Each structure stands twice: as C-alpha cells, then as structure tokens.
Amino acid sequence: MTPALLHRLIVAVSDDVIAHADELTALDQAVGDGDHGVNMKRGFEAVRADAAATAEKPLPEALKAIGTQLVMKVGGASGPLYGTLFLALSKEIALDGSNLPTAFAKAVEAVKARGKSQPGQKTMLDVLTPVRTVLAEGGADLRSRLPIVAASAAEATIPMLATRGRASFLGERSIGHMDPGARSTALMVASVCRVLED
Amino acid sequence: MAKVGIVIVSHSPKIAEGAADMVRQMVCDSVNLAYTGGDAEGGLGTGVASIRDAIDRAWSEAGVVILVDLGGAETNSEMAVEMLDAERHGHVVVCNAPIVEGAVMAATEASGGSTLETVRRTAEELSPQ
C-alpha cells in the first residue's frame with residue numbers, strides 16, 4: 001500500500017459518502033431520525049481534510065486515525081459503529097494489508113459487539129457480513145464482485161423488519177425501506193473496490 | 001465519603017438540562033452531576049468527546065453512572081467509557097433505565113452514600129426485565 005494509493009482510497013470513500021449525504025438522509029428520514037447523511041458527511045469531511053497526513057502513516061496507523069475521526073466527529077450511533085470498524089481493523093491489519101480477509105472478519109465481529117446486533121436486524125451488519133464471507137472465500141474478480149455483493153445485500157434490507165436501532169421503533173412500518181447504514185456501507189465498499197480496480 | 005456521580009446524556013440539550021434540574025431539586029449539591037446533549041453544531045445528537053467531558057465533570061472516587069435516552073446516546077457513552085484512563089475503568093457504568101426517572105432515582109440513591117452497583121441497580125429497577 002503506497003501513500004499515493006492510500007490517499008486515493010481515503011479521498012474516494014470520503015467523496016462518495018459526502019456526495020450521497022442527501023440520499024442517506026432521505027433513507028434515514030423514512031425509518032429513523034434523518035441524521036445519517038449529515039452525520040456521515042461531517043465525519044468524512046474531517047477524514048478527507050486529514051487525507052494527506054493520514055496517507056503518509058503506516059496502514060494500521062492510518063486506519064486508526066480514520067476510526068478516531070469517525071468516533072469523534074460523526075455523532076449518532078453510526079460514529080461509534082463505523083469508528084469501531086476502522087479501529088478494530090487497525091488493530092488486526094498487517095502492515096502490507098495482506099491479511100485483510102481475517103482482519104475484516106474480526107472488525108465485523110467488533111461492530112456486532114458494539115451494536116449488540118446480529119445480521120438480519122436491518123443494519124449495516126447485513127452488508128458487512130456477506131462482504132466478509134465473499135472476501136474470505138477469495139477467488140478471481142473480487143474487486144468487481146464485492147460491490148455487487150454489497151449493493152444487493154443493501155437491497156435485501158428493504159423487506160426486512162428492523163429489530164435494532166431507531167428503525168425498530170417503527171415495527172412493521174420499517175419494512176419496505178432500505179437501511180441507511182446498509183446503504184452507506186455498500187457505498188464505501190464500492191468506493192474502495194473502484195480505486196483498487198484502476 | 002465520596003458519593004457516586006451522575007451523568008445525563010440526551011440527544012436534546014434541553015432534555016439533558018431539564019433532567020439535571022430535576023435531579024438538583026431532589027439532591028441539591030450532594031452529588032456530582034453533569035449533563036450533555038446535542039451535536040457540535042447545536043442540533044440534536046450525542047458525541048463521544050462531550051460525554052468524556054461530562055464524565056470528567058461528574059467524576060467521583062465512588063464512580064459515575066450514566067443515564068442515556070436513545071441508541072446513539074448509549075453507543076457513544078459506551079465508547080466514551082472504553083476510552084477512559086485505566087484507573088477509571090470499571091468505575092463508570094451506563095444504566096439501562098429511563099433517562100429522567102433513572103437520573104432522579106440514581107441521584108437519590110447516590111446521595112445516601114450507596115455503592116456504584118447499588119445506584120445502578122436502583123435506576124435499572126425502573127426498566128422492565
């Protein structure tokens with residue numbers, strides 16, 4: 001992982017999240033408190049502002065810096081949840097990133113623990129979990145397959161009944177809407193894969 | 001003897017302040033009390049940094065209980081607790097209790113000099129098991 005590539009990854013993920021803030025807010029207005037877009041935008045504007053300095057750090061340190069920014073800046077439950085994902089990754093990842101599948105699996109477990117949640121509850125875990133599985137299986141064309149896996153997993157939250165988070169207050173009325181956290185996770189997976197494919 | 005401190009974390013600064021007012025009416029200045037609410041821009045929300053500050057303000061050798069309203073307040077509070085210095089680990093707990101009633105009950109129990117665990121249990125008795 002060169003600093004130049006890491007910089008492109010940070011900028012791509014940040015820009016995509018920021019560009020989709022209105023969409024994330026609209027999704028969150030349907031099933032939650034409507035702050036997911038603005039919260040994620042605030043967090044990733046902070047991450048993007050530090051992109052040059054962060055990209056110069058070794059990979060684990062860079063992930064730690066991103067996680068810390070998200071914890072401190074996002075607010076809402078998604079700050080600690082995404083923060084935990086990056087902070088756990090930073091603890092597990094090898095300097096060269098070669099153990100990504102196992103590090104990512106452990107980071108997903110950390111998000112589960114932070115959110116006291118399981119897949120199937122209409123949350124970001126419903127995207128993280130299938131991504132983790134496909135990543136662990138490996139094989140050809142991972143970078144083109146993973147965004148499709150993530151996008152269809154986000155779509156699959158539409159018919160789900162929310163049983164965690166603010167959307168669970170709506171009960172049956174949560175059915176028929178995509179989970180905003182699942183959508184933002186799928187966005188970030190697509191950004192990373194797009195940069196790595198180039 | 002040190003008494004357990006109380007932290008109130010709401011998405012709404014007004015609810016946090018109002019719940020703190022009700023605590024003060026009950027226990028005056030006999031326990032440490034801090035509250036926080038709202039995001040950095042003055043909107044509704046909660047943040048790890050402001051919760052850490054509130055824990056500092058309410059800090060007591062007897063420990064601190066945190067009362068929260070909804071999901072993000074709880075998740076951010078748990079994150080703030082984990083980020084505390086090692087000597088404070090285990091001395092700050094997030095209560096599973098309604099924010100207003102829990103804060104008033106916890107503070108009343110704390111003002112009598114009860115332990116951290118007793119204060120927490122008193123607040124959590126308000127929640128259906």
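This is a predicted model: local features need pLDDT of at least 70, side-chain atom pairs count only at pLDDT 80 or more; totals for chains, interfaces and linings use all residues.

Biologist: Fine. How many residues of chain A are in contact with chain B?

Modeller: Twelve residues of chain A are in contact with twelve of chain B. Helices H5 (59–73) and H6 (78–92) of chain A each supply at least two residues of the side that touches chain B. The largest share of that side of chain A, three residues, comes from H6(A).

Biologist: And what does the side of chain A that touches chain B have by class?

Modeller: Five nonpolar, four polar and three charged residues.

Biologist: Let's stay on H5(A). How far apart are its end C-alpha atoms?

Modeller: They are 21 Å apart, and that agrees with the 21 Å its 15 residues should span at 1.5 Å a residue. Just after H5(A), Gly75(A) takes a positive phi of about 70°.

Biologist: Which residues of H5(A) are buried?

Modeller: Among them are Ala62(A), Leu63(A), Ile66(A), Leu70(A) and Met72(A), and the list also includes Gln69(A) and Lys73(A).

Biologist: What covers the buried residues of H5(A)?

Modeller: Pieces of both chains. The cover includes H1 (3–19), H3 (36–49), H4 (51–55) and H6 of chain A, together with H2 (48–58) and H3 of chain B.

Biologist: Switching to chain B: which way do the residues of strand E4(B) point?

Modeller: Val92(B) and Val94(B) point one way, Val93(B) and Cys95(B) the other way, and all are buried. E4(B), residues 92–95, is joined by four bridges to strand E3(B), residues 64–68, and the two run parallel. Val64(B) stands opposite Val92(B).

Biologist: How does the chain cross from E3(B) to E4(B)?

Modeller: Through helix H3(B), residues 71–82, in a right-handed β-α-β crossover.

Biologist: Which residues of the largest nonpolar core touch the most other members?

Modeller: Of its 93 residues, those are Ile6(B), Ile8(B), Val65(B), Ile66(B), Leu67(B) and Ala106(B). Take Val65(B): not counting residues up to four places away in sequence, its contacts include Val4(B), Ile6(B), Val93(B), Cys95(B) and Ala106(B), as well as Arg120(B). As background, nonpolar side chains tend to be buried together in soluble globular proteins.

Biologist: Back to chain A. Is Ser184(A) buried or exposed?

Modeller: Buried, because 28 other C-beta atoms lie within 10 Å and 20 or more is the cut-off. Ser184(A) lies in helix H10(A), residues 180–197. Leaving aside neighbours within four places in sequence, Ser184(A) is in contact with Val17(A), Leu24(A), His36(A) and Met40(A).

Biologist: And Asp16(A), what does that one count as?

Modeller: Partly exposed, with 17 C-beta neighbours inside 10 Å. Asp16(A) is in helix H1(A). Beyond neighbours within four places in sequence, Asp16(A) is in contact with Leu187(A) and Ser191(A).

Biologist: Last topic, backbone angles. What is the phi of Asp141(A)?

Modeller: Positive, about 60°, although Asp141(A) is not a glycine. Most residues other than glycine have a negative phi. Asp141(A) is in the loop between H8 (125–137) and H9 (142–155) of chain A, and is exposed, with 9 other C-beta atoms within 10 Å.

Biologist: What about Cys28(B), where is that found?

Modeller: In the loop between helix H1 (13–27) and strand E2 (33–37) of chain B. Phi of Cys28(B) is near 50°, again a positive value in a residue other than glycine. Cys28(B) is exposed, with 9 other C-beta atoms within 10 Å.

Technical notes. Residues are numbered from 1 along each chain as its sequence is written. Chains are lettered from A and ligands numbered from 1 in the order in which they are written. A residue is buried if 20 or more other C-beta atoms lie within 10 Å of its own, exposed if 12 or fewer, and partly exposed in between; C-beta atoms are placed from the backbone. Two strands pair if DSSP finds at least two bridges between them. A crossover is right-handed if, with the strands pointing away from the viewer, the path from the first strand over the helix to the second runs clockwise. Two residues are in contact if their C-beta atoms, placed from the backbone, lie within 7 Å. Ala, Val, Leu, Ile, Met, Phe, Trp, Tyr, Cys and Pro count as nonpolar, Asp, Glu, Lys and Arg as charged, and the others, Gly among them, as polar. The expected span of a helix is 1.5 Å times one less than its number of residues. A nonpolar core is a set of buried Ala, Val, Leu, Ile, Met, Phe, Trp, Tyr and Cys residues joined through C-beta atoms within 7 Å.
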